[in-house]
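Hi,

Here is the structure I said I'd pass on.

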Amino acid sequence: MKIGFIGLGIMGKPMVKNLLKAGHEIVAFDLNSESLKEVTAAGAVAGTSAADVASKTPLVITMLPNSPHVKTVVMGKEGVLEGAKEGMILIDMSSIAPLASQEINKACSEKKVKMLDAPVSGGEPKAVDGTLAIMVGGDKALFEEVKDLLLVMGATAVHCGSIGAGNTTKLANQIIVALNIAAVSEAFTLVKKAGVDPQLVFDAIKGGLAGSTVLNAKAPMMMDSNFKPGFKIDLHIKDLANAMDTGHGTGSPLPLTASVREMMETLHADGNGGDDHSALAKYYAKVSGM
Ligand code: NAD
């Protein structure tokens, strides 16, 4: 199938490569010409704008940082809706605010473009392996139509409800991940300060109830002080801000989310916003005088 793909960052590039490997033709676009070169070297064709990509393909995937980027790319000048033909399908796989998904979907409907929100979890390694967890909002029949395509990039694709439900699910995921990383940082700071070897603590607890994907992925990074992203602190601040806005809008207090967001904002202010989110360990190192 001929597919448009816009947003060739840490996640978009390996997702495009998996679609190419599965035999799909890709027309790609990104503001970053280096990223565009990397995917054309892998077999994609370069588009000249989002509108150009949409004019050449019946299905467009977007993988962009946040709500304003997706709104610009879809609804802005030289955006997807300027180039889209009636019946085109837009799958936005970015993690954005659920209300933004609904607003973009409304603009799409006015142009007879069908849309799903389909954010992902699993980070760069699972994007490379094609084993992302994909959470989808929008029309169920449309989801069934594109499910096989989603499963080229993911190990699972679950329909979670109407448009925006994919991103609501993703906010839940991001709250759980952020709070877990903070818990691991807090616990490992304690053991270091108490003079116990963190590696031995990790070996002792990973098979017990505290064991988790987050512990396995992030504790080794913290022990090696390797904070290369992965998933950047600044992107996680964006997700927690979207979660807080959604919390305000729905009357759901999020006290733990608010605390971890503040820790991440401190890291950003210290110039660490581009680090992996495991750099929450740096916040604890700072406040505990390590
Ligand atoms: P990234 O910053 O690496 O990539 C974003 C890309 O979008 C960049 O290449 C940028 O040039 C491009 N872009 C921005 N504005 C554009 C525009 N107007 N037109 C064309 N291209 C534009 O981000 P990422 O890590 O790939 O994340 C993408 C999305 O996936 C985010 O919503 C993020 O929260 C989510 N996500 C990321 C991870 C991860 O581990 N990195 C995991 C799960 C979900």
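Below is what I found, going from the overall layout down to single residues.

Before anything else, please keep in mind that this is a predicted model.

**Layout**

The chain splits into domain 1, residues 2-162, and domain 2, residues 168-287. Their C-alpha centres are 28 Å apart. Where the two meet, twelve residues of domain 1 are in contact with 13 residues of domain 2. On the domain 1 side of that contact you'll find seven nonpolar, four polar and one charged residues.

For residues 164-284 the unreviewed entry gives "domain: 3-hydroxyisobutyrate dehydrogenase-like NAD-binding". Here the chain is 71% helix and 0% strand, with 34 Å between the end C-alpha atoms.

**Around the ligand**

Where does the ligand lie relative to domain 1 and domain 2? It lies between them, because both domains give residues to the shell around it. There are 27 residues around the ligand, and the ones that come nearest are Gly9, Ile10, Met11, Gly123 and Phe231. Helix 4 (67-75), strand 7 (120-121) and helix 7 (123-129) are the elements that give two or more residues to the shell. Helix 4 gives the most, with three. By class, the shell has 13 nonpolar, twelve polar and two charged residues.

**The annotated active site**

UniProt lists Lys170 under "active site", again in an unreviewed entry. Lys170 sits in helix 9. Is Lys170 buried or exposed? It has 27 other C-beta atoms within 10 Å, so it counts as buried; the cut-off for that is 20 or more. Leaving out residues up to four places away in sequence, Lys170 touches Ser95, Pro119 and Met135.

Further along helix 9, which runs over residues 165-193, is Ile176. With 13 other C-beta atoms within 10 Å, Ile176 is partly exposed. Ile176 and Asp276 are 100 residues apart in sequence, and their C-alpha atoms are 16 Å apart in space.

**Nonpolar cores**

The largest nonpolar core holds 55 residues, and Val16, Ala28, Val80 and Leu90 touch the most other members. Take Ala28 as an example: not counting residues up to four places away in sequence, its contacts are Phe5, Leu8, Val16, Leu36, Val39, Ala44, Ala46 and Gly47. Another core, of 26 residues, lies apart from that one; Leu171, Val177, Ile237 and Ala279 are among its members.

You'll find it in helix 1, residues 12-21. Leu20 has 19 other C-beta atoms within 10 Å, so it is partly exposed. Setting aside neighbours within four places in sequence, Leu20 is in contact with Ile26, Ala42, Gly43 and Ala44. Leu20 and Lys282 are 262 residues apart along the chain, with 39 Å between their C-alpha atoms.

As a reminder, most residues other than glycine have a negative phi, and most peptide bonds are trans.

- Pro229 and Gly230 are joined by a cis peptide bond, with omega at about 10°. Gly230 is in the loop between helix 11 (213-223) and helix 12 (233-250).
- Ser225 has a positive phi, near 50°, and is not a glycine. Ser225 is also in the loop between helix 11 and helix 12. With 11 other C-beta atoms within 10 Å, Ser225 is exposed.
- Glu78, another residue that is not a glycine, has a positive phi of about 55°. Glu78 is in the loop between helix 4 and helix 5 (80-83). It has 15 C-beta neighbours inside 10 Å and counts as partly exposed.

If you only open one view, start with the ligand, which lies between the two domains.

Cheers

Notes. Residues are numbered from 1 along each chain as its sequence is written. This is a predicted model: local features need pLDDT of at least 70, side-chain atom pairs count only at pLDDT 80 or more; totals for chains, interfaces and linings use all residues. Domain bounds come from an automatic or database domain assignment. Two residues are in contact if their C-beta atoms, placed from the backbone, lie within 7 Å. Ala, Val, Leu, Ile, Met, Phe, Trp, Tyr, Cys and Pro count as nonpolar, Asp, Glu, Lys and Arg as charged, and the others, Gly among them, as polar. A residue is near a molecule or strand if its C-beta atom, placed from the backbone, lies within 6 Å of it. Helices (H or I, at least four residues) and strands (E, at least two) are DSSP runs, numbered from the N terminus. UniProt positions are given in the numbering used here, feature names are shortened, and annotations may be inferred rather than shown by experiment. A residue is buried if 20 or more other C-beta atoms lie within 10 Å of its own, exposed if 12 or fewer, and partly exposed in between; C-beta atoms are placed from the backbone. A nonpolar core is a set of buried Ala, Val, Leu, Ile, Met, Phe, Trp, Tyr and Cys residues joined through C-beta atoms within 7 Å.
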